[in-house]
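This briefing is intended for a reader meeting the structure for the first time. Please view the sequence and the model below before reading the notes that follow.

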Amino acid sequence: MIDFRSDTVSKPTKEMLAEMFNAPVGDDVFVEDETVNKLEQKVADLFGMEAALFCPSGTMTNQIAINIHTRPGDEVICGRQAHIYCYEGGGIAKNSGASVRLIEGESGLFTAKDILNNINNPNDLHLPLTSLVCVENTSNRGGGVCYDFSEFEKMKKVCQENGLAFHIDGARIFNAMIKNNESPLQYGRLFDSISICLSKGLGCPVGSLIIGDKDFIRKARRVRKVLGGGMRQIGYLAAAGIYALDNNIKRLEIDHKRAKEIASHISQYNGIKSVIEPETNILVFIMEANINPVAYCDKLKEKGVLAMPFGPDRIRLVTHINHSDDDISKTIQILKSM
Ligand SMILES: *Cc1c(COP(=O)(O)O)cnc(C)c1O
């Protein structure tokens, strides 16, 4: 099976596993796991921020940030397509008692002007207090598309002028950086908190980090414990993260090239109406009206390719570290045979 359902399905390489097996560990709830401490410091330094916290998932790192940046009853501005809204089980309401103000748009991206247009007047007692803006880069539901960094700078200004916290869901932030030649330091200078995932394109079996200033991370450690995310000898997992940051960022350009390679072939193939030109490692294509994406994916599976139905009219393929050049050419042939 050639698996394109997500970049989360990749398995650790031999080299990564060797690092994991050899990691020194301790009890991380006591902050005594030296490999975790090393990973957290490494990530904080990478982004030029004060501190970071290793967590089990990107859902948890986002939910921790939302919990710290808001009070119950506050409103969070985010995209209608945002992971924090669509795919975190209603956690904004459940964990933090906050409401959402959704910015419409298929791509999942929005602008500083959108923020300005959606901030509630804090002097109007009827309205929930806007306290947080969350952006997502790359945008998952948008098909891996990226922001222009200058838009973040404009957004930051609006946030500062209106006393709003600014959080980024950077589950695939390294894909955006590779695509647009950006540095983590640029992000660190702008955002109050940054969530990154190790278990997506970077190829780790598990793990995400939330990054911020010291006071924020001190609070985050408490929220993580409350959510049940205080873990013990997890240096074995942190070691995978250290390895990935040292070795697997630059190679994301290979994943991007492969997504483009598939996209360049398939628009004429049976059943496919159009292809959203991939910017990074996510390829979304729209099916002809008479094709059911679920049935199409079932058929693909019979031929040895796993893909993800991504709404009533579309399918998502995600390239990742475990694919080979051969997998890509085979997949193009299989799509052609549909
Ligand atoms: C995958 C993902 C997350 C985190 O998902 P987990 O499965 O909880 O690690 C967060 N945001 C986006 C945009 C994602 O794609």
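A polar side-chain atom of R172 lies 3.0 Å from an oxygen atom of the ligand, a polar contact being a pair of N or O atoms within 3.5 Å; within protein, one must be able to donate a hydrogen and the other to accept it, and residues adjacent in sequence count only if both atoms are side-chain atoms. The model is predicted: local features need pLDDT of at least 70, side-chain atom pairs count only at pLDDT 80 or more, and totals for chains, interfaces and linings use all residues. Residues are numbered from 1 along each chain as its sequence is written, and side-chain values use heavy atoms, with hydrogens and water left out.

**Ligand surroundings**

- The ligand is surrounded by S57, G58, T59, N62, H83, E136, N140, D169, A171, R172 and K200, where a residue is near a molecule or strand if one of its heavy atoms lies within 4 Å of it.
- T59 places a polar side-chain atom 2.6 Å from an oxygen atom of the ligand.
- For K200, an N or O atom in the side chain is 2.8 Å from an oxygen atom of the ligand.

**The open sheet**

- Helices (H or I, at least four residues) and strands (E, at least two) are DSSP runs, numbered from the N terminus.
- An open sheet is formed by 4 strands in the order 9-10-13-12, with antiparallel pairing; two strands pair if DSSP finds at least two bridges between them.
- Strand 9 (272–276) and strand 12 (308–309) are at the edges with a single partner strand each, so one side of each has no neighbour in the sheet.
- Strand 9 is joined by 4 bridges to strand 10 (residues 282–287), and the two run antiparallel.
- Within this pairing, S274 stands opposite I286 in strand 10.
- Helix 12 (residues 252–266) lies across strand 9, strand 10 and strand 13 (314–318), and runs at about 20 degrees to strand 10. Axes are lines fitted to C-alpha atoms, for helices over the stretch in contact (heavy atoms within 4.5 Å), and angles run from 0 to 180 degrees between N-to-C directions.

**E279**

- The loop between strand 9 and strand 10 contains E279.
- E279 counts as partly exposed because its relative accessibility is 24%; buried means under 20% relative accessible area, exposed over 50%, and partly exposed in between (1.4 Å probe, protein chains only).
- Not counting residues up to four places away in sequence, E279 touches G144, V145, C146, K179, H256 and K260.
- The E279 side chain reaches the backbone nitrogen of C146 at 3.0 Å.

**Helix 2**

- Helix 2 (residues 34–47) has 14 residues and reaches 20 Å from its first C-alpha to its last, close to the 20 Å expected at 1.5 Å a residue; the expected span is 1.5 Å times one less than the number of residues.
- At its start, a side-chain oxygen of D33 reaches to within 3.0 Å of the backbone nitrogen of T35.
- Buried residues of helix 2 are T35, V36, L39, E40, V43, A44 and F47.
- G48 follows helix 2 and has a positive phi, near 65 degrees.

**Helix 11**

- The 13 residues of helix 11 (residues 235–247) reach 18 Å from first C-alpha to last, close to the 18 Å expected at 1.5 Å a residue.
- Buried in helix 11 are G235, A238, A239, A240, G241, I242, Y243, A244 and L245.
- The cover over these buried residues includes helix 1 (14–21), helix 2, strand 2 (51–55) and helix 8 (173–180).
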